[in-house]
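Reader: I am new to this structure. Please show it to me, and let me ask about the words used for it.

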Amino acid sequence: MTHSPRRIGYAAGAFDLFHIGHLNLLRHAKAECDVLIAGVVSDEMLRLTKGVTPVIPLAERMEIVSHISYVDRVHAEVVPDKLDTWKELRFTHFFKGDDWRGTEKGLRLEREFAAVGVEVVYFPYTMSTSSTVLRRALAALNGEGSRVTG
């Protein structure tokens, strides 16, 4: 009997202001792999890469994500290069929202991962809810106007 290799998936995100889009990403990702590692991007990396300060601190975001039934393991993502994360975790599949598909960042990621045998799998982006929209709503409630982005 042949045994197919284990599919180890990695789905990274801020997972700030956890919403249905996050849950959809993790649900779809788990359906495509045997083990799902959720990468929770650190506060420092979010400021560096997106110019966003998360509402919920990293430790709390990791605690929330670790209790999602689709997630087998949580990893604090503290480096900007996804290949460095791969070197540490050795996942076989990388899951991303399809808002990255065809973009310069997405195509570069596909090339880099193809070179080490990792398949990039895109899932539909949940248009109805996003952390950006939630962040703007919170800013409006706090009288901050349109200064909040991300």
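Author: In this predicted model, helix H5 (residues 104-114) gives the largest share of the positive patch, 3 residues. The patch gathers Lys50, Lys105, Arg108 and Arg111 on the surface.

Reader: What makes this patch positive?

Author: Lys and Arg count as positive. Lys50, Lys105, Arg108 and Arg111 are the residues that gather there.

Reader: Where is lysine 50 found? And why is lysine 50 called exposed?

Author: Lysine 50 is found in helix H2 (residues 43-50). Its relative accessible area is 58%. Exposed means over 50%, so lysine 50 is exposed.

Reader: Let us turn to the aromatic rings. How many aromatic pairs are there?

Author: The count comes to 7 aromatic pairs. Take tyrosine 10 and phenylalanine 91: their ring centres are 4.8 Å apart and their planes stand at 10°.

Reader: Why is the pair of tyrosine 10 and phenylalanine 91 called stacked?

Author: Two cut-offs decide. Centres must lie within 6.5 Å, and planes under 30 degrees apart count as stacked. The values for tyrosine 10 and phenylalanine 91 are 4.8 Å and 10°, so the pair is stacked.

Reader: What makes tyrosine 10 and phenylalanine 91 a link between distant parts of the chain?

Author: They are 81 residues apart. Tyrosine 10 sits in strand S1 (residues 8-13), and phenylalanine 91 in the loop between helix H4 (82-89) and strand S4 (93-97). Both residues are buried.

Reader: How do you know that phenylalanine 91 and phenylalanine 113 are edge-to-face?

Author: Planes over 60 degrees apart count as edge-to-face. Between phenylalanine 91 and phenylalanine 113 the angle is 80°, with 5.6 Å centre to centre. Phenylalanine 91 lies in the loop between H4 and S4 and phenylalanine 113 in helix H5, so this pair ties together parts 22 residues apart in sequence.

Reader: Why are phenylalanine 91 and phenylalanine 113 called buried?

Author: Buried means under 20% relative accessible area. Phenylalanine 91 has 2%, so it is buried. Phenylalanine 113 has 1%, so that residue is buried too.

Reader: Which residues form one aromatic cluster?

Author: Tyr10, Phe91, Phe94 and Phe113 form it.

Reader: Histidine 93 is in strand S4. Is histidine 93 buried or exposed?

Author: Its relative accessible area is 7%. The limit for buried is under 20%, so histidine 93 is buried. The C-alpha atoms of histidine 93 and valine 120 are separated by 5.9 Å, though the two residues are 27 apart along the chain.

Reader: What pattern does the protein follow along the sequence?

Author: The pattern is β-α-β-α-α-β-α-β-α-β-α. There are 6 helices and 5 strands. Buried residues make up 43% of the 150 residues.

Key:
Residues are numbered from 1 along each chain as its sequence is written. This is a predicted model: local features need pLDDT of at least 70, side-chain atom pairs count only at pLDDT 80 or more; totals for chains, interfaces and linings use all residues. Side-chain values use heavy atoms; hydrogens and water are left out. Patches are made of residues with over 30% relative accessible area and no salt bridge: like charges are joined within 9 Å, nonpolar side chains (Val, Leu, Ile, Met, Phe, Trp, Tyr) within 5 Å. Accessible areas come from the Shrake-Rupley method with a 1.4 Å probe; for residues, only the protein chains shown count as cover. A salt bridge is a side-chain nitrogen of Lys or Arg within 4 Å of a carboxyl oxygen of Asp or Glu. The place of a charge is taken as NZ of Lys, CZ of Arg, CG of Asp or CD of Glu. Helices (H or I, at least four residues) and strands (E, at least two) are DSSP runs, numbered from the N terminus. Buried means under 20% relative accessible area, exposed over 50%, partly exposed in between (1.4 Å probe, protein chains only). Rings of Phe, Tyr and Trp (its six-membered ring) pair if their centres lie within 6.5 Å; planes under 30 degrees apart count as stacked, over 60 as edge-to-face and the rest as tilted.
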